[in-house]
Amino acid sequence: MLLIVFHVPKSLFGTAPTVRLNRPLSSTSSGLQTQRQFPCVDAHAARESRLKASVALSDTTSETGPEPAYARPHPSQYSIYHHPRPFHLVYAAKLPSFDIAYETWGTLSPTRDNAILLHTGLSASSHAASTPTNPSEGWWEKFVGPGKAIDTDRYFVICTNVLGGCYGSTGPSSLQPSTGKPYGTNFPIISIFDMVRAQFHLLDSLGIDQLYASVGCSMGAMQSLAAGWLYPDRVGKVVSISGTARSTPSSIAMRFAQRSVLMADPNWNKGFYYDGLPPHTGMKLARQIATITYRSGPEWDQRFGRRIRTLPDSVTGKEQSSSPALCPDFLIETYLDHQGEQFCLKYDANSLIYISKAMDLFDMTSTALDGLQLTSSFHPLTIPLSPHGLHKTSHSKSHPPPANPPPYLSELAQGMQPLSNIPTLVLGVQSDILFTVEQQREVADALRLAGNDRVSYYELGGVWGHDTFLIDVLNVGGAIRGFLA
């Protein structure tokens, strides 16, 4: 309760009155003061009440506690590869075992040489496209299928939920074998390289020694490059769309902000929330921050401008503009609010934390890779090197070296030498603010400096920002189709 007492001198008004304010006030057109409403805050409280009720119900009907509040695909809708042996990690000792959820499309050829490994972004499941067991639309439905950019009449496509995820693969929400309870933040720190190595164990189990191509967008582009680095003798082509070979400070900062608001949610409980309430408010805020980075300012201008939402009049039913409030008013605010609401219970908070951290740690410069003590199956070429340690004939006349290369480009080229013999498609988007087009140019330049003379590089326009790889079927799909063929 807010109590404010004003003492007015008697000399001015006679007896000094005392004014007491015991509730927040707001002005109305009539000049009266009424209590301000906060429906956006009330919505969080209502969701928390529903979740508490579901937890209480679970406590009375099950000895294992409530099911996770976020949605999962049903296990019958994907396959599981189980790795029963210890799996050594880059930043930690090992996982005692792991599961990888995966789905496939198309038919593996008799010679097993038409397989494409499709890598996902941060929060995607293995469901890239509809299947008979799961006819719902997949996250890349427009690009994967018969006659589409990744033609399942020609290719056998495999997509996994990454290690650390929450859609069937082993992650923080999985049961820790030694305790029988969810790992929570006892789960080890993982890397992009760990994700890819786990995927190749799956390929081994399927009898696939050689990939026709490794294809990825966003974080998937990191995995695609990592696949070519780790297994250059097993990857026929690499497709990197809106990704990077080295996380930049700006993208690290954006992901740090998301983790910060999520971990500040009291329900997060240092990662041990699986028997209680999930950090739904922190997840909503994290998703709102992420959504800002997925699209672009020009698109916001076109779609929303400065338009205010309208509400139906309770009497007439006609839409009318409301007076300004402290909850969402502008259409862009309502859009971000909706995106957060849709996501906050559909994905595991700890998976978001761990996987986004893996993205931050990704760095393919030679210095960073040397520090990880990773092993690539690449056999260095004997071509003479320039004084800077790079191949002399790195760029063609149509692709000259960059005019103002970043200081780390030489190290990046040295680090990416294992990809020097792999045809690579690099695709960037000029309106992307999460993985800027400069990062795509760096990937292409570093590959060419490393001696790769089969780099195809394209920049796309448009206003969709980072999400262009989900939307622009004509240009993104056309580039992929032409490169694979």
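What covers the buried residues of helix 8? The cover includes helix 6 (280–294) and helix 7 (297–303), where covering is judged by contact, meaning heavy atoms within 4.5 Å.

Before going further, please note that this is a predicted model, in which local features need pLDDT of at least 70, side-chain atom pairs count only at pLDDT 80 or more, and totals for chains, interfaces and linings use all residues. Residues are numbered from 1 along each chain as its sequence is written, and side-chain values use heavy atoms, with hydrogens and water left out.

**The whole chain**

Colour the protein by secondary structure: there are 14 helices and 16 strands. Helices (H or I, at least four residues) and strands (E, at least two) are DSSP runs, numbered from the N terminus. Of the 485 residues, 49% count as buried; buried means under 20% relative accessible area, exposed over 50%, and partly exposed in between (1.4 Å probe, protein chains only). Among contacts with a separation of 6 or more, 72% are between residues 24 or more positions apart.

**Helix 8**

Select residues 331–343, which form helix 8. The 13 residues should span 18 Å at 1.5 Å a residue, and the end C-alpha atoms lie 19 Å apart, which agrees. The expected span is 1.5 Å times one less than the number of residues in the helix.

Now show Tyr335, Leu336, Gly340 and Phe343, the buried residues of helix 8. Seen down the axis of helix 8, they fall within an arc of 130 degrees, so they line one face of the helix. The arc is that of the directions from the helix axis to the C-beta atoms.

**Salt bridges**

A search of the whole structure finds 11 salt bridges, each being a side-chain nitrogen of Lys or Arg within 4 Å of a carboxyl oxygen of Asp or Glu.

Select Arg255 and Asp360, whose side chains meet in a salt bridge (2.5 Å, N to O). The pair links distant parts of the chain, with Arg255 in helix 5 (residues 249–263) and Asp360 in helix 9 (residues 349–361), 105 residues apart. Both Arg255 and Asp360 are buried.

Asp337 lies in helix 8 and Lys284 in helix 6, so the pair ties together parts that are 53 residues apart in sequence. Lys284 counts as buried because its relative accessibility is 2%.

Next, select Glu459 and Arg441, which meet through their side chains in a salt bridge (2.5 Å, N to O). Glu459 belongs to strand 16 (residues 455–460) and Arg441 to helix 12 (residues 437–449), 18 residues apart. Glu459 is partly exposed, with a relative accessible area of 27%, and Arg441 is partly exposed at 34%. To finish this stop, show Arg47, Lys284, Asp337 and Glu341 together, as salt bridges that share partners join them into one network.

**Strand 6 and its partners**

Select residues 98–105, strand 6, in which six of the eight residues are buried. Two strands pair if DSSP finds at least two bridges between them. Strand 3 (residues 79–83) runs antiparallel to strand 6 and is joined to it by five bridges; here His83 stands opposite Phe98. Strand 10 (residues 156–160) also pairs with strand 6 in the antiparallel sense, over four bridges, and Cys159 in strand 10 is the bridge partner of Glu103.

**The nonpolar cores**

A nonpolar core is a set of buried Ala, Val, Leu, Ile, Met, Phe, Trp, Tyr and Cys residues joined through side-chain atoms within 4.5 Å. In the largest, of 79 residues, show Leu163, Phe193, Met364 and Met416, which have the most contacts inside it. Helix 3 (residues 192–205) gives the most to this core, with eight residues. Apart from this core lies another, of 28 residues, among them Ala128, Tyr155, Leu460 and Phe469.

**Helix 14**

Which residues of helix 14 are buried? Select residues 473–484 and show Val476, Gly477, Ala479, Ile480, Phe483 and Leu484. They fall within an arc of 155 degrees seen down the axis of helix 14, so they line one face of the helix. The face turned away from this buried side carries the exposed residues Leu474 and Gly482.
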